[in-house]
Amino acid sequence: MTTFKSDLLRVLSERGYVHQISDPEGLDAAALKGPISAYIGFDATATSLHAGSLIQIMMLHWMQETGHKPIALMGGGTSMVGDPSFKDEARKLLTVEDIERNLTGIRKVFARYLDFDGAASMMNNADWLLGLNYLEFLRDVGRHFSVNRMLSFDSVKMRLDREQSLSFLEFNYMILQAYDFVELNKRTGCVLQMGGSDQWGNIVNGIDLGHRMANVQLYALTSPLLTTASGGKMGKTANGAVWLNADLMSPYEFWQFWRNTEDADVERFLKLYTKLPMDEIARLAALGGSEINDAKKVLATEATALLHGREAAEAAAETARRTFEEGTLAEDLPSVGISQAALDAGLGVLTAFVTAGLVPSTGEARRQVKSGGLRVNDEVVTDERAALGAGHLSPEGVIKLSFGRKKHVLLRPE
């Protein structure tokens, strides 16, 4: 591992955020000399970011923690094109209204990680991209790009090698992203773009464009693309994305996601997704046997506290303790509403588990019944033709559905 002199690169390196740096010595010297400004772009493809974006958000957080100036760049302009990098097909084109709605949703998260009253800032590339004159842009910016070189990038070659269409619209994305870097340097003095390792080619394009257009030295730093120890995609579960906005995933569900971390991932995730000191992380990582579950609870609580606040994190931890350690019905478990009429008519048990989002289909529910994986009010379901009715309601007026030992949802008649 390279020994860095600046706090910025030392912290990012020792916590596992560094995959590649375009000029390690030059960037280290710049960060040591004084505060630098860096950005990461976030396109508005949904109303919420998911856990896969947390590494980038945490990189901006540590940038500010070490005395530098992070910029969270909202992709109000680039979202109209869609990043084709390593995608098998073109993204669905979003309307201006879609993008604005999505931006409103994803902006909420950043205030938890960045101090916008301090050195952090949020910008939107729509401010300079939407007003571009096409012919002027081609002459001033497009002339610096070699189509031969653009075709050599892995993100482009993959699509072409599979004989999948790459539209001219998508082909322009890398030019727009490169121009963002140059524009941010001109407006704010930004010298560093960070992102996932799949963005390396796009970021290097920006460095080259900055040199050609303004003769400035810019830098790239990418983080590794993470998978779980078992090879799963980070930020995804069997039931879909791990959303960061509370209206799409409750603090309790978010806490449970981290609590279910595989043993082999605990140390790495503590470094990446919490602010715990490295010596405390080393202590937790050294726990063996069943004690590793204590480390997972710390991971879950600390990661949830960063996103949702300490109070919500501790409430989630207490809900889990009451549910799993005391066996009591915790009223703040995730809940799903069902119509009273459906319950009165007899709600099929397979349909109930699909409605609760615990399984994706009745076929999967049927398979889980055969293996004893589903429970109603803590009783194993043995009959796939069973129906739930008013007699299954607890004294609190809910029905508790469980998939395995760790996934629970309350059905509430409405």
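**Exercise 1. Determine the hand, left or right, of the crossing of α13 and α15.**

Solution. Helices here are DSSP runs of H or I with at least four residues, strands are runs of E with at least two, and both are numbered from the N terminus. A word on the source: this is a predicted model, where local features need pLDDT of at least 70 and side-chain atom pairs count only at pLDDT 80 or more, while totals for chains, interfaces and linings use all residues. Residues are numbered from 1 along each chain as its sequence is written, and side-chain values use heavy atoms, with hydrogens and water left out.

Next, take the geometry. Helix α13 covers residues 266-273 and α15 covers 292-308; they pack at an angle of about 20 degrees, with axes 10 Å apart. The axes are lines fitted to C-alpha atoms over the stretch in contact, and angles run from 0 to 180 degrees between N-to-C directions. The two helices are therefore roughly parallel (angles under 35 degrees; over 145 is roughly antiparallel, 65 to 115 roughly perpendicular, and the rest oblique).

Finally, list the contact residues (contact means heavy atoms within 4.5 Å). From α13 come V266, F269, L270 and Y273, and from α15 come I292, A295, K296, L299, A303 and L306.

**Exercise 2. Describe how α13 packs with helix α14.**

Solution. First, α14 spans residues 278-285, and its axis lies 9 Å from that of α13 at an angle of about 160 degrees. That angle makes the pair roughly antiparallel. Second, α13 passes α14 in a right-handed crossing. Third, E267, L270 and K271 of α13 meet M278, I281, L284 and A285 of α14.

**Exercise 3. Which residues touch the most other members of the largest nonpolar core?**

Solution. A nonpolar core is a set of buried Ala, Val, Leu, Ile, Met, Phe, Trp, Tyr and Cys residues joined through side-chain atoms within 4.5 Å. Buried means under 20% relative accessible area, exposed over 50%, and partly exposed in between (1.4 Å probe, protein chains only). The largest core has 99 residues, and L54, I57, Y113, M194, L221, W258 and Y273 touch the most other members. Helix α10 (173-188) gives the most to this core, with 9 residues.

Now zoom in on L54. Setting aside neighbours within four places in sequence, L54 is in contact with Y113, L244, F254, W258 and Y273. A second, separate core holds 20 residues, including L347, L350, V376 and V409.

**Exercise 4. How many residues of helix α12 are buried?**

Solution. Helix α12 (251-259) has 7 of its 9 residues buried, so the rest of the structure largely encloses it. The buried residues are Y252, F254, W255, Q256, F257, W258 and R259.

For practice on another helix, take α2 (24-33), where the buried residues are G26, L27, D28 and A31. They pack against α1, β1 (20-21), β5 (192-196) and β6 (219-223).

**Exercise 5. In what order do the 5 strands of the open sheet lie?**

Solution. Two strands pair if DSSP finds at least two bridges between them. The order is β9-β15-β14-β11-β12, with mixed pairing. The edge strands are β9 (335-338) and β12 (379-380), each pairing on one side only.

Strand β11 (374-376) pairs with β12 in the antiparallel sense over 2 bridges, and R375 has V380 as its bridge partner in β12. On to β14: 3 bridges join it to β11, again antiparallel, and the partner of R375 there is S402.

Strand β14 (399-403) is mostly covered, with 4 of its 5 residues buried. It pairs antiparallel with β15 (407-413) over 5 bridges, one of them linking K400 to L410. The two strands form a hairpin with 3 residues between them, and G404 in the turn has a positive phi of about 70 degrees.

**Exercise 6. Is N215 buried or exposed?**

Solution. First locate N215: it sits in the loop between α11 (200-214) and β6. Its relative accessible area of 61% makes it exposed. Then check the backbone: N215 has a positive phi of about 55 degrees, although it is not a glycine.

Technical notes. A crossing is left-handed if the near helix is turned anticlockwise from the far one by less than a right angle, and right-handed if clockwise.
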